[in-house]
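User: Hello! I am new to this structure and would like a close look at a single part, the open sheet, together with what surrounds it. Could you walk me through it?

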Amino acid sequence: MNKPLILIIDDEPQIRKLLEISLETNDYKVLKAETAKEGITQAANHPPDAILLDLGLPDKSGHILLQELRDWYNKPIIIISATNTEDDIVKALDNGATDYLTKPFRTGELLARLRSALRWGQTVEPSGITTIGELQLDSIARTVKKNNQLLKLTSTEYNLLVLFAKNEGKVLTHQYILKEIWGVGYQSETQYLRVFVGQLRRKIEDNPNQPEHIITESGIGYRLM
Amino acid sequence: MIAAALCFFAQSFLGYRAVALLLLLLVSMLAIVFDILPVLVSALLSAVIWNFLFIPPVLTFHIASPEDALLFLMYFVIALVNAVLTSRIRKAEKKAIEQDEKEHTIQLYNTLLNSLSHELRTPIATIISAIDALKDNRNKLTENTRVDLLNEIDIASMRLTAQVENLLNMSRLQSGFLKLKLDWCDVNELVFHAIQKVYLNTTQQSVQFAPDEQFPLYKLDAGLIEQVLLNILSNAIQYTPDDTIITIKAVSTPTHLVITISDTGHGFPNTELTNVFDTFYRLPNSKTGGTGLGLSIAKGYVEAHGGSIALHNNPTQGATFTILLPCEYSSINSITHE
């Protein structure tokens with residue numbers, strides 16, 4: 001099997017070095033860049049399977065670099081940043097970031113996020129059946145089974161689950177989910193979102209109070225694991 | 001102006017000279033409230049009004065008798081002196097207050113430095129000496145010792161992270177730029193999220209919460225309130241015995257969300273109940289590992305919501321924190337027809 005290629009764009013040499021060691025010992029190949037300019041050149045010359053991007057780069061804002069990359073690069077981009085205001089994170093996610101980690105983070109967490117990000121976009125099978133843990137989504141019959149038991153979902157609950165499933169491993173912002181499910185003009189109706197996520201959790205999670213599938217990112221959105 | 005109108009009526013039975021004293025009183029009172037410039041203007045204006053409306057011949061700026069002219073001049077000078085003196089006194093007062101504040105800030109700063117140098121240097125010292133041990137004695141260390149040293153580095157780094165997080169939260173609060181991000185929030189989810197985070201740092205105590213599925217949604221800043229719960233929980237966990245039970249309850253009213261966190265620990269000394277929320281305050285003889293910031297941040301975040309936080313000892317054992325948050329609520333908690 002080919003080792004996935006990861007590009008690290010971060011201006012801190014220590015972070016680059018430690019990430020390189022952690023990733024290489026876990027069967028990834030690593031490319032490194034310390035500026036936005038170098039990052040974009042590296043990404044163009046050797047298109048990586050995923051990019052780890054620091055938002056605070058010396059020559060250009062990471063937000064702008066993210067937009068430039070997103071013009072042509074459609075694989076996962078995970079933000080790793082030391083400034084962790086919710087606004088920054090939401091902005092990066094809305095600009096196409098797949099996920100984010102705030103420094104300091106544990107290597108285990110990074111590897112888990114990276115694995116699920118690399119699965120992103122590959123979950124919808126041609127058969128129309130998507131499997132997430134013990135859940136099975138059938139997009140042709142529009143049904144959901146948990147451990148082979150048919151679940152009774154309302155149409156909105158189903159649509160919500162499908163949206164999450166299509167974006168497994170990606171953090172979806174509240175705004176994005178509201179727009180996708182209820183349409184433009186409903187972006188501030190977060191109370192509906194809370195209610196439906198709560199209802200959906202009660203149906204698909206073993207313990208809705210300690211959800212394992214629909215994970216809350218406080219003040220930002222949700223992710224499906 | 002209004003005063004002048006009132007004086008105009010008073011004039012009929014007081015005489016226009018008494019009116020001057022009334023106006024003077026008014027100018028002095030203004031000087032207590034306002035800055036030098038508006039007071040000077042009002043002194044000038046009132047002198048002119050007095051002249052125009054009251055000194056015969058009325059409704060002209062002309063002054064008939066030399067006695068009145070002298071009176072007018074004196075009125076003007078007294079009003080000015082009054083204004084200048086009052087403003088000088090206030091300037092001196094302001095300076096004294098500033099001096100006090102400065103001293104208070106210096107004192108806080110010193111406490112911060114002491115607390116910081118201890119709470120930041122201790123984990124750094126641990127990390128450095130553990131690394132030295134690992135590097136210098138590579139061949140002499142047993143596998144067990146190596147694992148021990150690595151664990152020490154791990155614990156110290158997590159402690160350092162928590163302290164830095166506290167300091168960042170505190171500076172966020174004190175910068176005065178804290179902007180609430182109010183959004184509908186599932187309180188059950190919020191509480192469970194906080195409990196989960198606390199359990200990540202292995203704890204001996206048990207945290208209990210019985211969720212009510214029909215609990216309404218409340219509009220609040222979920223990130224900040226989660227931090228409030230985390231800080232109170234961490235505090236409880238750090239300072240209570242291992243077999244303590246910590247119970248979280250949420251009560252909903254149409255105007256307020258009430259969250260209580262009680263423990264079965266030793267409680268607080270009664271004399272210290274109100275001090276625990278003070279910045280950098282730590283109970284006398286409390287064990288190391290805190291900066292005295294956690295509860296003060298919790299209080300700040302609750303107050304940013306317009307709410308209040310109180311601490312009292314339970315009648316039997318332990319203590320209870322009560323958080324009262326005034327906030328909008330939504331009773332929509334199930335939509336099954338869509």
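Analyst: Helices (H or I, at least four residues) and strands (E, at least two) are DSSP runs, numbered from the N terminus. Two strands pair if DSSP finds at least two bridges between them. This is a predicted model, in which local features need pLDDT of at least 70 and side-chain atom pairs count only at pLDDT 80 or more, while totals for chains, interfaces and linings use all residues. Residues are numbered from 1 along each chain as its sequence is written, and chains are lettered from A and ligands numbered from 1 in the order in which they are written.

Now the sheet itself. Four strands of chain A form an open sheet in the order β6-β7-β8-β9, with antiparallel pairing. Its edge strands, each pairing on one side only, are β6 (129-132) and β9 (149-150) of chain A. Strands of a sheet pair through backbone hydrogen bonds, either parallel or antiparallel. Four bridges link β6(A) to β7 (residues 135-138) of chain A in the antiparallel sense, and A:L135 in β7(A) stands opposite A:I132.

Most residues other than glycine have a negative phi, and most peptide bonds are trans. A:R142 has 13 other C-beta atoms within 10 Å, so it is partly exposed. A:N147 has 9 C-beta neighbours inside 10 Å and therefore counts as exposed.

Helix α6 (residues 155-166) of chain A lies across β6, β7 and β8 (143-146) of chain A, running at about 105 degrees to β7(A). Axes are lines fitted to C-alpha atoms, for helices over the stretch in contact, and angles run from 0 to 180 degrees between N-to-C directions.

From α6(A) we can move on to chain B. Two residues are in contact if their C-beta atoms, placed from the backbone, lie within 7 Å. The contact takes 18 residues from chain A and 22 residues from chain B. On the side of chain A that touches chain B, the elements giving two or more residues are α6 and α8 (190-204) of chain A. The largest share of that side, eight residues, comes from α8(A).

Finally, α8(A) has a helix partner too. Its axis and that of helix α7 (residues 174-182) of chain A come within 10 Å and cross at roughly 85 degrees. Angles of 65 to 115 degrees count as roughly perpendicular, under 35 as roughly parallel, over 145 as roughly antiparallel and the rest as oblique. That is why α7(A) and α8(A) are roughly perpendicular to each other. A:H174, A:I177, A:L178 and A:W182 of α7(A) make the contact with A:T190, A:Y192 and A:L193 of α8(A).

Technical notes. A residue is buried if 20 or more other C-beta atoms lie within 10 Å of its own, exposed if 12 or fewer, and partly exposed in between; C-beta atoms are placed from the backbone.
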